[in-house]
There are 2 protein chains.
Amino acid sequence: MTKTRKSTAGRRPGESGTREAILEAATDAFLDRGYDGATMRGIARAAEVDPALVVHFFGSKDGLFKAVLETGANPLRQIAKFVDAPDDELGARLIRHYLDAWESPETSARMSAVLRAAATSEAAAEVLKSFVTDALLTPLTGRVNAGEAPLRASLCGAHLAGISLTRYILKTEPIASLDAERLAAVVGPCLQHYLAGELGAGPAT
Amino acid sequence: MTKTRKSTAGRRPGESGTREAILEAATDAFLDRGYDGATMRGIARAAEVDPALVVHFFGSKDGLFKAVLETGANPLRQIAKFVDAPDDELGARLIRHYLDAWESPETSARMSAVLRAAATSEAAAEVLKSFVTDALLTPLTGRVNAGEAPLRASLCGAHLAGISLTRYILKTEPIASLDAERLAAVVGPCLQHYLAGELGAGPAT
């Protein structure tokens, strides 16, 4: 968090940087105190702005949470680019775009805050679920040419969520420190199998 | 939670049911308020016991958290049974034991509380990580006959964690309601690939 900000007295609602300062303070609050523990008033204090400005920009805590998720997860929307891949490279492209997105510093901090909040609040979990459906599962489902597209997309989503939890949240080795290229090479074939393989049939060992 | 318990005046430390009542109250507290929000005093009040009894049985909040994890996750220890499977059935057995363990009512409630607490507290995350290493990753690693055993075990752990998050915590469809047999049939081949396949090579589609 930027701690160099001074008085908020002369700040106008549209002032550049104010919105970003509130988002930074909100990210910290959701990360430290979870969804239920974070308050609009506390976030305003940490961002050194009037609470009315927080309401002006974001409406409610729910609106603020959505904004943290949207800005933090914005790189995750780039994942939709994977749909241009040839059929036999879908899995490899998906995991590479996903790791790239998570490894941008902005995404990593904000998505960790979002995942932690979602683990402790039904409301936050609902917001996260609708984002994941919109940004990841729907493009994935649309790209699947095989039957059972929703199940295939959901299997990929579950596997990717497990990778994020292991690598970025719990930081369990050896996955936490594994070279991203190597991780992509190892996980890609399983995602490819889920997207285009014969579900329930054994992949070649 | 059992709400029929009466006065605690005549309860002796070893009385049957007291320890279990404290564990139930602690599970609710970790689920509702996270690790940081749960207090020994609040848990004692909910369990209708003297706070000294909670200390007597569990020592500290950390000890109480470990006990919730150990009793809730006890069925997960059964997963180690998968090691008796023939080499070509490891993945199928692993996912079946894992889903069986999660779908016992006791495990499901307590593990949800543990996962939520771990998502919000570094201390709780450390306890969970050492349990997962001990109960799941170490037996898995020991059972792998191929090279890179720690990475293989960790890939299985990450995939299983993602399935739990999707099916039991976020409850995202279609995985949330999918028949357990079908889910096992679909996920088993990917676990088998991670345990015994050629990492980085494409499974047959």
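This is a predicted model: local features need pLDDT of at least 70, side-chain atom pairs count only at pLDDT 80 or more; totals for chains, interfaces and linings use all residues.
Me: Why is α9(B) called roughly antiparallel to α10(B)?
Reply: The axes of α9 (residues 149–169) and α10 (residues 180–196) of chain B cross at roughly 160 degrees and come within 8 Å. Angles over 145 degrees count as roughly antiparallel, so α9(B) is roughly antiparallel to α10(B).

Me: What is the hand of the crossing where α9(B) passes α10(B)?
Reply: The crossing is right-handed.

Me: How many residues of chain B are in contact with chain A, and what makes a pair count as a contact?
Reply: Two residues are in contact if their C-beta atoms lie within 7 Å. By that rule, 39 residues of chain B are in contact with 39 residues of chain A. On the chain B side, α7 (105–120), α8 (122–143), α9 and α10 each supply at least two residues. The largest share, 13 residues, is from α9(B). The classes on this side are 23 nonpolar, 14 polar and 2 charged.

Me: Which domains does chain A have, and how many of their residues are in contact?
Reply: The domain assignment gives domain 1 (18–67) and domain 2 (73–196) of chain A. Their centres are separated by 27 Å, taken over C-alpha atoms. Contact involves 9 residues of domain 1 and 11 residues of domain 2.

Terms used:
Residues are numbered from 1 along each chain as its sequence is written. Chains are lettered from A and ligands numbered from 1 in the order in which they are written. Axes are lines fitted to C-alpha atoms, for helices over the stretch in contact, and angles run from 0 to 180 degrees between N-to-C directions. Helices (H or I, at least four residues) and strands (E, at least two) are DSSP runs, numbered from the N terminus. Angles under 35 degrees count as roughly parallel, over 145 as roughly antiparallel, 65 to 115 as roughly perpendicular and the rest as oblique. A crossing is left-handed if the near helix is turned anticlockwise from the far one by less than a right angle, and right-handed if clockwise. Ala, Val, Leu, Ile, Met, Phe, Trp, Tyr, Cys and Pro count as nonpolar, Asp, Glu, Lys and Arg as charged, and the others, Gly among them, as polar. Domain bounds come from an automatic or database domain assignment.
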